[in-house]
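Please look at the sequence and the structure first, and then follow each solution step by step.

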Amino acid sequence: MSGPECCSNPPTLNPSAGTGHVEKLAGLDSYLTGSPHSKVAVILISDIYGYEAPNLRNLADKVAAAGYYVVVPDFFHGDPYNPENPDRPLPTWLKDHGADEGFEATKPIIEALKSKGVSAIGAAGFCWGAKVVVELAKSRLIQAAVLLHPSFVSLDDIKGVDIPIAVLGAEIDRMSPPELVKQFEQVLTAKPGVDSFVKIFPKVSHGWTVRYNTEDAEAVKTAEEAHQDLLDWFAKLLK
């Protein structure tokens, strides 16, 4: 379940990264960016490294610049996965931080956004976060979903989705190998009433959209292509 890919290229976490700010929303510390008066919000749900990852926050700022109010919650309560900690290997850490808890914790965030006047909400999840987003999609708590190099998302999960969903996969990915992503696509294509978009990015590995090396021009380029797909998807479906 939890191969080394989940843990490759850990980011250097930075609590002050990004142009937004951190405040509590529905009881969770959250990185907030964009206009709080926007009627459309996007929730970005991190991978195991949490909400202080600079690339993730920079993406949040990019999404905010497109007109959305963006929320990146700290679902791990200050306890992101730390590959340097031998006492808590990934399986142990995952027991403490299940995607089901992330799903439950998102419900009050959605309510809080609605109480601020937000009328449409999209969510995008990376690796661990994709499982949370697919649960939100199955429960129809959001209007549009994007899964980026998902972890733990099953074919049955995808069968249960009937809202617009995009899946961005990597060619080199044991967590969601291309064969599985193609099966996702077959299931979604067979749902005539559900908007879907599925794309497998060549030559990239699991985590490429948020755990890329900012000094590697090719890595930046492919990450930005995925970011643009995410923006295009929400532009089309979040009104």
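**Exercise 1.** Determine the strand order of the open sheet and find its edge strands.

*Solution.* The open sheet holds eight strands in the order β1-β2-β4-β3-β5-β6-β7-β8, with mixed pairing; strands (E, at least two residues) and helices (H or I, at least four) are DSSP runs numbered from the N terminus, and two strands pair if DSSP finds at least two bridges between them. At the edges stand β1 (21-25) and β8 (196-205), each of which pairs on one side only. This is a predicted model, in which local features need pLDDT of at least 70 and side-chain atom pairs count only at pLDDT 80 or more, while totals for chains, interfaces and linings use all residues. Residues are numbered from 1 along each chain as its sequence is written, and side-chain values use heavy atoms, with hydrogens and water left out.

**Exercise 2.** Describe how β3 is joined to β5.

*Solution.* Strands β3 (residues 40-45) and β5 (residues 120-126) run parallel and are joined by six bridges. Within this pair, Val40 stands opposite Ala120 in β5.

**Exercise 3.** Work out how α3 and α4 are oriented towards each other.

*Solution.* The axes of α3 and α4 (residues 128-138) come within 9 Å and cross at roughly 60 degrees, where axes are lines fitted to C-alpha atoms, for helices over the stretch in contact, and angles run from 0 to 180 degrees between N-to-C directions. Angles under 35 degrees count as roughly parallel, over 145 as roughly antiparallel, 65 to 115 as roughly perpendicular and the rest as oblique, and therefore α3 and α4 are oblique to each other.
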